[in-house]
Amino acid sequence: MTLAPISLEPLLPQARGPLSMAVLELLTERAPRNYLARVEAPVRDSDPYGIDLQLALYVCYELHYRGFAGVDPGWEWNPGLLHLRAQLEEAFLDAVRRDVGEISAETTAAAEMEQLTIEPVDGSGPSYHLRSTGTWEQMQEYFVHRSLYHLKEGDPHAWAIPRLTGQAKAAFVAVEFDEFGAGRGDHVHQQLFADLMVAADLDATYLGYIDAVPAVSLAVVNLMSFFGLHREHRGAAIGHFASTEITSSPGSRRLVDALERLGAPEACVRFYREHVEADAVHEQVVRTDVVGDLVSREPALERDVIFGIRAHLAVEDRLADHLMRYWTSGRSSLRRPLS
Ligand SMILES: [Fe+2]
Ligand SMILES: [Fe+2]
């Protein structure tokens, strides 16, 4: 069996405005080892959910994952660049907080997770659309939007591991173990998604579509990188993880139905079928052994867990709105249409 190749270092994307330009221009140079000078860029004038800010932030975070071909890895911990990144993060976090709104004092993480399991009878998001009337081209676009995350699936949450202890840590790692193929390279979910991309006649290159997707798709991944990379936000990282796992199984079920209706290649169906089964189990583990144990151990983190759940839903809603707005008006949802 041949696996779709996963290349290691991606190529730098194209700048989309002054912020991404400032970051990308810097990365073409050698990182100065004692460079404390500030990188000036007009963060305050930028839309926090706009393509320029989201792309600049995405590129900063990618330095912690695989970096970029031809870019000095020394930029990862360059204080000047980290200072700019902190400003981008502050603008993004403020915007997400506005979306999430007040969290009432009576809300519990358990109730919040229970709420996630209630499926609307008349659901109307992208997976419902794809299941009932969506086209194969729209399905391909959906894969492209999701490729940024699924080709690094498991990685953004893995930053949380050293910040957990006891049962929460053990259960969290047990779920991540499955995401990383349970000891088998050909079962790593990132690899399953690369196989899906090839089967769907798409480019399976890591970050291969970063220039094609809109800001909302970048924001979905930036949120998890942000939570994962800040110990301060570890409660939100776990809430985000829980929300991802709990909502995955029913959403994947609809996508399996959609793909079967469209007569999609087996490798495409396989990825989502795997998630229908695995995430039904993960959901239970996450609710009780990860979140339950974490909040009983560190009650002060409960509000952050709830914030992480709601923040996940907020950025997903933005992506869903974008997809439905473009698809229902017969347009491509990508910045760079596939054909
Ligand atoms: Fe997965
Ligand atoms: Fe999972």
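Q: What makes helix H6 a bent helix, and where does the bend fall?
A: In this predicted model, H6 (residues 136-150) bends by about 25 degrees at valine 144. That value is the angle between axes fitted to the seven residues ending there and the seven starting there.

Q: Why is H6 called mostly covered?
A: A residue is buried if 20 or more other C-beta atoms lie within 10 Å of its own. In H6, 11 of its 15 residues are buried, so the helix is mostly covered.

Q: How do you know that domain 1 touches domain 2?
A: Contact requires C-beta atoms within 7 Å. By that test, 15 residues of domain 1 (18-99) are in contact with 16 residues of domain 2. The C-alpha centres of the two domains lie 25 Å apart.

Q: Which element gives the most to the side of domain 1 that touches domain 2?
A: Helix H2 (51-62) does, with six residues. Helix H3 (79-100) also gives two or more. The residues of this side divide into nine nonpolar, three polar and three charged.

Q: Which residues touch the most other members of the largest nonpolar core?
A: Among them are Ala56, Cys60, Leu223 and Ile238, in a core of 91 residues. The core draws at least three residues from each of domain 1 and domain 2.

Conventions
Residues are numbered from 1 along each chain as its sequence is written. Chains are lettered from A and ligands numbered from 1 in the order in which they are written. This is a predicted model: local features need pLDDT of at least 70, side-chain atom pairs count only at pLDDT 80 or more; totals for chains, interfaces and linings use all residues. Domain bounds come from an automatic or database domain assignment. Two residues are in contact if their C-beta atoms, placed from the backbone, lie within 7 Å. Helices (H or I, at least four residues) and strands (E, at least two) are DSSP runs, numbered from the N terminus. Ala, Val, Leu, Ile, Met, Phe, Trp, Tyr, Cys and Pro count as nonpolar, Asp, Glu, Lys and Arg as charged, and the others, Gly among them, as polar. A nonpolar core is a set of buried Ala, Val, Leu, Ile, Met, Phe, Trp, Tyr and Cys residues joined through C-beta atoms within 7 Å. A residue is buried if 20 or more other C-beta atoms lie within 10 Å of its own, exposed if 12 or fewer, and partly exposed in between; C-beta atoms are placed from the backbone.
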